[in-house]
Amino acid sequence: MSKKNVISIKNLNKIYLSKQRNSIHALNNLNLDVKEGEIFGLLGPNGAGKTTFINILAGTVIKTSGEVYVWGFNLDKNPRQVRASIGIVPQEINLDPFFSPRNILELQAGLYGVKKKDRITNVILKLVSLDQQADSYARSLSGGMKRRLLMAKALVHQPPILFLDEPTAGVDVELRKNLWENVELLNKQGVTIILTTHYLQEAEEMCDRIGILNKGSLVALDSTKNLLNRIQTKRATFKINQKIDIKDDALKSLKVISNLENEICVSYEKNKLSIEELINLIKKNGTKIDDISTDDGNLEDIFLDLTKN
């Protein structure tokens, strides 16, 4: 059974007018569907339109044209239901330093009109591992705890869709791991996650599908696996017992990256050249191969390829 679309975007445009009356096209005929229960990565360089997109759904930026459906609700006709369907974890940490996590969540639930009897403050605090700090001042929390508190704030009205805007910018390795565990836990409970990130390795590991935005246009949209399969260039490094003389294009698509006394590093196109042919070429001169390592390229290569001007 195919999963339903929880977000459906059709021909979405946002044009900002600057003081000089120049128009800036922040989003350019964007078409995008996000499926229920997936972790969807929205990538792109600074200024690509990622935050504009999130802000349109959050209701803080007004779109210029196009149709937006969230959880079946039309943004123009049911803006409140759209907002109620989404939780947003912003990039900036904006918390009242003199409120405790419990106060902050209770206040947020009130703003969303969640009745006292329907609030799940304790459940959320436990979910983001802040139950021990529930009644401490927010200013006494570590950076990591503050990040998790932002996530908790986005969950008070139990939205089915969670947006994470650069959730791990400037965050240490330990905390990043902890945040991802939280995200995966939420996802397992059925929450659809959309994240924008600069860390491409993160998107590669976490996301089911990825959309790449550049200058307001969607330049790629596919499963992470398919995007990675698009990379044809492969790198291979051979540890050898003597220096050998190999020129570029000794075999089809072969490029020598470095050639040292006991090591040669080359790149080649997977569809034009097999590793066997390469090994045979190196062994031809009576050279002994002690070790081989290969690198398949990663999302970064695609990203750079699609976003270079």
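Biologist: What is the relative accessibility of Arg102, and how does Arg102 count on that scale?

Modeller: This is a predicted model, so read every value as computed from it. Between under 20% for buried and over 50% for exposed lies the partly exposed band. Arg102 has 28% relative accessibility, so Arg102 counts as partly exposed.

Biologist: Which residue does the side chain of Arg102 meet in a salt bridge?

Modeller: General idea first. Side chains of opposite charge can pair when their charged atoms come close. Here, Arg102 meets Asp135, at 3.0 Å from N to O. The two residues sit in distant parts of the chain, 33 residues apart. Arg102 belongs to helix H3 (residues 101-111). Asp135 is in the loop between helix H4 (121-127) and helix H5 (143-154).

Biologist: Is Asp135 buried or exposed?

Modeller: Asp135 is exposed, because its relative accessibility is 57%.

Biologist: How many salt bridges does a search of the whole structure find?

Modeller: The search finds 12. One of them joins Arg119 to Glu106, with the closest N and O atoms 2.7 Å apart. Arg119 is in the loop between H3 and H4, while Glu106 is in helix H3, so this pair ties together parts 13 residues apart in sequence. Glu106 has a relative accessible area of 24%, so Glu106 is partly exposed.

Biologist: Which residue pairs with Asp245?

Modeller: Asp245 forms a salt bridge with Lys247, and their closest N and O atoms are 2.9 Å apart. Both residues are exposed.

Biologist: How many disulfides does the structure hold?

Modeller: A disulfide is a covalent bond between the sulfur atoms of two cysteines. The count for this model is 0. Cysteines can still be checked for burial. Cys207 is buried, because its relative accessibility is 6%. Cys265 is buried too, with a relative accessible area of 8%.

Biologist: Now sheets. What is the strand order in the open sheet of 4 strands?

Modeller: The order is E12-E13-E11-E14, and the pairing is antiparallel. Strand E12 (255-259) and strand E14 (289-295) are at the edges. Each has a single partner strand, so one side of each has no neighbour in the sheet. From one strand to the next, the twist averages 20°.

Biologist: How many bridges join E12 to strand E13?

Modeller: There are 4, and E13 covers residues 263-269. As an example, Asn259 has Ile264 as its bridge partner in E13.

Biologist: Which helix packs on the sheet?

Modeller: Helix H9 (residues 275-283) does, touching strand E11 (233-240), E13 and E14. The directions of H9 and E11 make an angle of about 30°.

Biologist: Side chains in a strand next. Where do they point in general?

Modeller: In a regular strand, side chains alternate between the two faces of the sheet. For a case in this model, take Lys234, which lies in strand E11. Lys234 counts as buried, because its relative accessibility is 17%. Leaving out residues up to four places away in sequence, Lys234 touches Val266, Ser267, Tyr268, Lys270, Thr294, Asp295 and Asp296.

Biologist: Which strand is joined to strand E1 by 9 bridges?

Modeller: Strand E2 (residues 23-35), running antiparallel to E1 (residues 5-17). Leu12 has Leu30 as its bridge partner in E2. The hairpin of E1 and E2 has 5 residues between the strands, and Arg21 there takes a positive phi near 65°.

Biologist: On to helices. Which residues of helix H10 are buried?

Modeller: In H10 (residues 299-307), the buried set includes Leu299, Ile302, Phe303 and Thr307. They span an arc of only 110° around the axis, so they are on the same side of H10. The buried residues of H10 pack against strand E3 (39-43), helix H7 (200-206), strand E9 (209-214) and helix H8 (224-229).

Biologist: One last residue. Where is Ile54 found?

Modeller: In helix H1 (residues 50-58). Ile54 is buried, because its relative accessibility is 2%. Now compare sequence with space. Ile54 and Ile194 are 140 residues apart in sequence, yet their C-alpha atoms are 9.7 Å apart. With residues up to four places away in sequence left out, Ile54 touches Ile88, Phe163, Asp165 and Thr196.

Technical notes
Residues are numbered from 1 along each chain as its sequence is written. This is a predicted model: local features need pLDDT of at least 70, side-chain atom pairs count only at pLDDT 80 or more; totals for chains, interfaces and linings use all residues. Side-chain values use heavy atoms; hydrogens and water are left out. A salt bridge is a side-chain nitrogen of Lys or Arg within 4 Å of a carboxyl oxygen of Asp or Glu. Buried means under 20% relative accessible area, exposed over 50%, partly exposed in between (1.4 Å probe, protein chains only). A disulfide is a pair of cysteine sulfur atoms within 2.5 Å. Two strands pair if DSSP finds at least two bridges between them. Axes are lines fitted to C-alpha atoms, for helices over the stretch in contact, and angles run from 0 to 180 degrees between N-to-C directions. Contact means heavy atoms within 4.5 Å. The arc is that of the directions from the helix axis to the C-beta atoms.
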